[in-house]
Number of protein chains: 2
Amino acid sequence: MPAPMANVSERRFDPPSLAISTVVFALSAGAGNSADDESTADGATLWLPLVRRIREPYRNTWALPGGPIAWNESLEAAARRNLHETTDMTPNYLEQLYAFGGTDRSPDLRVVSIVYWALVRPVEADKAVTGDNVRWFRTGNLPELAFDHRDIVDYAVWRLRNKMEYSRIAQNFLGDTFTLAQLREVYESVIGRRLDPANFRRQMLASNTLIETDQVLAGARHRPPRLYRYKPELAQGSTAS
Amino acid sequence: MPAPMANVSERRFDPPSLAISTVVFALSAGAGNSADDESTADGATLWLPLVRRIREPYRNTWALPGGPIAWNESLEAAARRNLHETTDMTPNYLEQLYAFGGTDRSPDLRVVSIVYWALVRPVEADKAVTGDNVRWFRTGNLPELAFDHRDIVDYAVWRLRNKMEYSRIAQNFLGDTFTLAQLREVYESVIGRRLDPANFRRQMLASNTLIETDQVLAGARHRPPRLYRYKPELAQGSTAS
């Protein structure tokens, strides 16, 4: 995406400066505050919070939460602080995703953005402060985004799909125990299509990655579903995998 | 690793600046120019080139090849240019690894390093210019490194081991076709221990990832070994995986 050329100035010749942005993924949560209430009718979906820019460039356009890095904070600390300041969230799972440094990312000063990503459970997502300038959007129905943030979101979704295949990253959306239907909803949300429940159940049980607990889902009246957990020896989805 | 405090000055309060470093992995190549000639006696090993610093801080200490990012070059272009200027190499496989931004990385100005990694074939590694200030070292026998570069190398080796398990990243060391013994040498070098040839052969053939070609290794006189290639539909080891 070529940047508009109107604001190009001699600042263009400065060495790149640094910023942090974060892609926060949640399942269905925040829908009550979202701009897109009808979207959850067909099951769980993948959501992320965006912040409306109050300054040029891209004033009034939605963007990923983020900001500058202070001289005395680590990259992850900067990601946490910026996310907390804009959305009030403090996610458990926060990891570096990628550094975006194309020369045409911004029409004015060149900025290299080190992007983190967070996966949050509904209880965390519900803590996010929303309003006119912070809202949750469905990844399948995003508004126009500032800078190259749409490319960043697309990349993050792609990475999430890849990670889902070989790690227990789904746990970060679910908590320690979950039903097979809840696990299937995570997969469906990330992959973006429905899965056959019987096939999914068979594949998951055959994958040798889950332990059946002696607990069932609380609150279900008739034949409450069994709760499972991941085998502890499986590594948490990490930057390496 | 806490940084020495002697050079701390008010520059410490500047916002972080940016640099690029690259970890280049090769198998055995460059051993002839290395500081550690006897190390290949027990099979292929993993090597990387280091550059001796000619300026403070850490003057005369070995460091990863790298340098600054120009205002008009992408991160990858900066990695390629810096690597070419210091070692004369232009690797095919070059990917972003991670951004290192701890507040104590340097005793003076704070620098965030975006680290790339390259995997090179012996023919590429042999092109590297070596001398008093550029040398290949075995990953198992590194000298003291400047800044947090030892941590960076350790992280890169760990990532390489993880990637090896589920992608055809080994191909970047080998070329398109290879014998099972050559493939085993790549695994042995990265994992850091010998593998049973018969078990390795059985597992690789059962993995359903290789295609037997109708070619054999050139130059072998008696029962030349068969050449294999990866199935084309398998994704190249990428940042996503």
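The lining of the largest pocket divides into 22 nonpolar, 11 polar and 8 charged residues. Here Ala, Val, Leu, Ile, Met, Phe, Trp, Tyr, Cys and Pro count as nonpolar, Asp, Glu, Lys and Arg as charged, and the others, Gly among them, as polar. The model is predicted: local features need pLDDT of at least 70, side-chain atom pairs count only at pLDDT 80 or more, and totals for chains, interfaces and linings use all residues. Residues are numbered from 1 along each chain as its sequence is written, chains are lettered from A and ligands numbered from 1 in the order in which they are written, and side-chain values use heavy atoms, with hydrogens and water left out.

Stay with that pocket. Its space comes to about 1,200 Å³. On a 1 Å grid over the protein atoms alone, a pocket is an open set of points where a 1.4 Å probe fits, with protein on both sides within 12 Å along at least five of seven lines; lining residues have an atom within 4 Å of a point. Grid points are joined across faces, edges and corners, and a volume is the space filled by probe spheres set on the points. The lining has 41 residues, and A19(B), R53(B), G67(B), P68(B) and V111(B) are the closest to the centre. Two or more residues each come from β1 (17-27) of chain A and from β1 (17-27), β2 (46-52), β4 (66-67), α1 (75-87) and β6 (111-120) of chain B. Strand β1(B) gives the largest share, 5 residues. Helices (H or I, at least four residues) and strands (E, at least two) are DSSP runs, numbered from the N terminus.

Now the second largest pocket. Its volume is about 880 Å³. It is lined by 30 residues, with R53(A), R55(A), G66(A), G67(A) and F147(A) nearest its centre. In chain A, β1, β2 (46-52), β4 (66-67), α1 (75-87) and β6 (111-120) each supply at least two lining residues. The largest share, 5 residues, comes from β1(A). By class, this lining has 13 nonpolar, 10 polar and 7 charged residues.

The loop between β2 and β3 comes next. In chain A, a cis peptide bond joins E56(A) and P57(A), with omega about -5°. P57(A) lies in the loop between β2 and β3 (62-63) of chain A. In chain B, the peptide bond from E56(B) to P57(B) is cis, with omega near -5°. P57(B) sits in the loop between β2 and β3 (62-63) of chain B. N60(B) lies in that loop of chain B. It is not a glycine, yet N60(B) has a positive phi of about 75°.

Turn to the helices of chain A. Helix α5 (residues 180-191) and helix α6 (residues 197-206) pack at an angle of about 100°, with axes 10 Å apart. That makes α5(A) roughly perpendicular to α6(A), a label for angles of 65 to 115 degrees. From α5(A), L180(A), L183(A), R184(A) and Y187(A) make the contact (heavy atoms within 4.5 Å) with residues of α6(A), including F200(A) and M204(A).

Last, the aromatic rings. Across all chains there are 16 aromatic pairs. Rings of Phe, Tyr and Trp (its six-membered ring) pair if their centres lie within 6.5 Å; planes under 30 degrees apart count as stacked, over 60 as edge-to-face and the rest as tilted. F100(A) and Y155(A) form an edge-to-face pair, 5.8 Å centre to centre and 85° between the planes. F100(A) lies in strand β5 (residues 93-100) and Y155(A) in helix α3 (residues 149-164), so the pair ties together parts 55 residues apart in sequence.

Notes
Axes are lines fitted to C-alpha atoms, for helices over the stretch in contact, and angles run from 0 to 180 degrees between N-to-C directions. Angles under 35 degrees count as roughly parallel, over 145 as roughly antiparallel, 65 to 115 as roughly perpendicular and the rest as oblique.
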